[in-house]
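I opened my notebook to follow one protein model from its strands to its domains. Here is what I looked up, entry by entry.

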Amino acid sequence: MTILHLRRARTSLVLDARGPGLPRVVHWGGDVGDLDDEGLRQLTDATVPPVVPSSFDEPAVLSLLPEPSAGWSGRPGLAGHRDGRDWSTAFRLDGLDVDQPADAPARVVVRASDPAAGLALTIELTLDRRGLLTIRHRLRNDGDGAYELRELTPVLPVPAVATELLDLTGRWCRERSPQRHPWQHGAWVREGRHGRTGHDATLLLVAGTPGFGFGHGEVWAVHTAWSGDHVTFAERRPTGESTLGGGELLAPGEIRLGPGESYDTPLLYAVWSDAGLDGLSDVLHSHLRARPGHPRSPRPVTLNVWEAVYFDHDLDRLRALADRAAQIGVERFVLDDGWFRGRRDDTAGLGDWYVDEGVWPDGLQPLIDHVTGQGLQFGLWVEPEMVNPDSDLFRAHRDWLLAVPGRLPPAWRNQQALDLGRPEAYDYVLERLDALLSDHRGISYLKWDQNRDLTEAGHHGRPGVHGQTAAVYRLLDELRGRHPGVEIESCSSGGARVDLAILARTDRVWASDCNDALERLAIQRWTGLLLPPELIGTHIGPERSHTTHRVHDLGFRAATALFGHHGIEWDIASISAAEQAELAAWVALHKRLRPLLHAGRVVRVDHPDPAVWAHGVVAGDKTQAVYAVARLATSVTQVPGAVRLPGLDPDRRYRVRPAADVPAPATIDRSTPIWLATGVTLTGAALARVGVQVPALHPEQSLILEVDTVD
Ligand code: DGJ
């Protein structure tokens with residue numbers, strides 16, 4: 001066995017795999033250079049901690065699966081037992097498969113076993129060419145009798161210089177709220193027990209050097225790619241180790257491995273950067289964009305009719321909306337909730353996936369034809385995992401619920417979850433979705449919603465969240481296999497199902513049900529930590545937000561929605577001619593900038609005034625960029641300081657000017673800086689280090705700046 005060095009981009013992972021136990025992680029972080037065997041041995045020796053008084057006689061080994069038998073007294077990587085026995089392991093290294101092709105991800109498979117405990121472990125690691133690390137553990141029961149698995153979690157060490165933690169929390173309409181604190185002794189454990197990813201899920205758990213920001217600091221982060229119950233944690237021990245980890249949260253009895261059976265953990269994504277949070281996003285965004293299944297076509301500007309009509313489905317009204325949408329430049333029309341049998345409000349109908357004959361006497365085809373006849377794509381809302389007790393499906397198959405025997409889980413939005421682990425329920429849902437797509441000409445998009453937490457989610461008397469999550473993945477995979485041209489949006493009461501496992505089988509997420517542009521600035525900024533703009537649905541809502549009652553100018557709403565998969569969620573049939581013209585101008589601006597917005601590098605500005613936010617997207621070749629400067633509130637300081645525009649080529653000269661085709665934002669009288677009328681030409685270095693003064697914007701106004709190279 002050997003000491004392994006995986007190197008990609010500017011990231012190194014060094015593993016002491018000399019055995020006899022599981023490999024020790026010597027280093028995960030910045031590149032340590034081209035080390036020969038002796039260099040790796042010296043590095044390994046240099047990182048072995050001393051033995052101190054009142055401790056084990058040998059230094060503890062922190063492996064990718066920390067074990068008490070190796071002297072680890074922090075959170076163990078594995079918890080489980082075989083009827084009270086085999087509860088502690090001492091895995092022995094059996095072999096390594098290492099593959100480091102120049103043009104593909106480096107890959108290591110670690111094979112280990114503990115014959116006494118009757119368990120075999122496989123650890124798969126990949127380091128892609130951008131430096132993104134993924135880890136997955138597989139545990140196989142090689143013993144006699146069932147092994148009950150309680151937890152299996154990959155863990156990575158982080159050096160002591162990381163002293164601060166940042167993660168995200170949230171709720172409905174306020175997803176992805178950052179929280180930050182010093183990293184002290186103990187475990188910071190983010191558990192999601194929602195049976196879905198959750199509004200409060202931390203997309204990334206970040207540890208970093210003091211004061212790290214968007215553009216500076218050394219940072220390490222993990223993401224647990226699982227859409228069911230899960231945990232992501234950071235642990236700092238008084239013994240000196242700091243770790244990040246994440247995996248699935250398993251209920252008692254949920255995973256019982258029979259002899260020969262195995263369990264795979266979700267993928268744990270891990271990323272390091274010495275360029276702050278933007279550096280992390282860079283690696284993640286470019287990894288996602290390189291996936292074969294990443295959406296390649298221009299992301300169609302979308303009209304979703306939910307906030308325009310809610311459940312009030314009327315063919316003529318919807319046709320009029322489609323006509324107006326086409327005039328404005330919309331490219332996709334999505335018919336939201338309310339089209340199926342009995343669905344006149346949110347108390348009934350879920351499960352009965354047949355077009356409501358009362359509301360749609362001629363079916364959906366006339367609307368679909370009208371929409372597609374205008375050159376727009378047609379999308380349809382579904383919520384396949386759910387059932388209303390007031391539905392034919394429920395009346396016929398009350399036993400198809402995800403529930404414990406004898407009682408229903410507490411109702412949530414008047415609905416219950418179907419047990420998709422039951423083949424008959426699964427087959428019914430698949431057949432209905434398949435039929436909807438096959439029987440209609442022209443449905444090319446599904447908005448796939450999921451609107452409740454899974455509570456007491458029983459499957460044949462046993463815990464069912466794991467099986468349900470796997471069944472949803474299977475269902476999506478199977479449907480996509482049958483209808484490869486159909487795109488799918490992951491929606492879950494807004495942004496409660498945003499993770500990289502669901503995104504492996506969907507084409508965008510709905511970030512939040514809150515279309516208030518001020519709230520959305522934050523929701524999008526932090527969702528964008530993980531996801532590139534083209535995967536995040538961003539819609540222009542009505543003047544008065546339906547969820548906060550705030551009133552915003554169209555310019556502020558549109559400037560916020562510009563930086564994503566752009567759309568509209570507003571009754572545009574009832575807007576004035578002036579609003580229509582302005583909206584069309586914003587849609588046109590988005591389309592003009594779309595190739596940049598959906599392929600460029602996202603930058604967020606660390607401005608000292610918390611009421612001034614700026615973010616942008618810079619083209620890969622650095623010839624072009626677009627930035628938004630948003631004023632969130634008033635400031636104590638009259639002129640809060642120049643706004644730096646980072647990310648450009650320091651040596652090139654750029655022309656900076658306000659976006660021409662859309663109205664200027666409202667500013668305090670006579671407050672326009674002198675350069676704004678004509679634009680200004682500066683080097684990328686000057687723009688990053690000095691920046692530009694911006695007008696004194698009124699609160700809740702945004703200025704869009706277009707930047708083009710003149711060299
Ligand atoms: C919740 C979603 O987040 C909304 O966008 C909308 O589709 C409703 N469900 C429909 O019931």
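How many bridges join strand E26 to strand E29, and do the two run parallel or antiparallel? I looked at residues 443-448 for E26 and residues 487-490 for E29, and I found four bridges between these parallel strands. I kept in mind that this is a predicted model.

Then I followed the strands around. They form a closed barrel of eight strands, in the order E21-E22-E23-E26-E29-E30-E31-E32, and the pairing is parallel. I noted that the twist from one strand to the next averages 30°. As a reminder to myself, strands of a sheet pair through backbone hydrogen bonds, and they can be parallel or antiparallel.

Helix H8, residues 465-482, lies across both E26 and E29. I wrote down its angle to E26 as about 175°.

**Entry on the domains**

Where does the domain assignment put the boundaries? I found that it gives domain 1 as 2-289, domain 2 as 302-392 + 423-451 + 485-594, and domain 3 as 605-709. I then looked at how domain 2 and domain 3 meet. Their contact takes 19 residues from domain 2 and 21 residues from domain 3. The centres of these two domains, taken over C-alpha atoms, are 32 Å apart.

How much area do domain 2 and domain 3 bury between them? I read about 1700 Å², with 68% of it on carbon and sulfur atoms.

**Entry on the charged and polar pairs**

I counted two salt bridges between domain 2 and domain 3. I also looked up the salt bridge between the side chains of Arg592 and Glu706, at 2.8 Å from N to O. Across the interface of domain 2 and domain 3, five residue pairs are in polar contact. On the side of domain 2 that touches domain 3, helix H9 (517-527), helix H10 (554-561) and helix H11 (577-597) each supply at least two residues. H11 gives the largest share of that side, with six residues.

**Entry on a link elsewhere**

The structure holds 50 salt bridges.

How values were computed: Residues numbered from 1 in each chain as written. Predicted model: local features only at pLDDT ≥ 70, side-chain atom pairs only at ≥ 80, totals over all residues. Heavy atoms only, no water. Pairing = 2+ DSSP bridges. Axes fitted to C-alpha atoms, helices over the stretch in contact; angles between N-to-C directions. Contact = heavy atoms within 4.5 Å. Domains from an automatic or database assignment. Buried area = accessible area lost by both parts, 1.4 Å probe. Salt bridge = Lys/Arg side-chain N within 4 Å of Asp/Glu carboxyl O. Polar contact = N/O pair within 3.5 Å; in protein donor to acceptor, adjacent residues only side chain to side chain.
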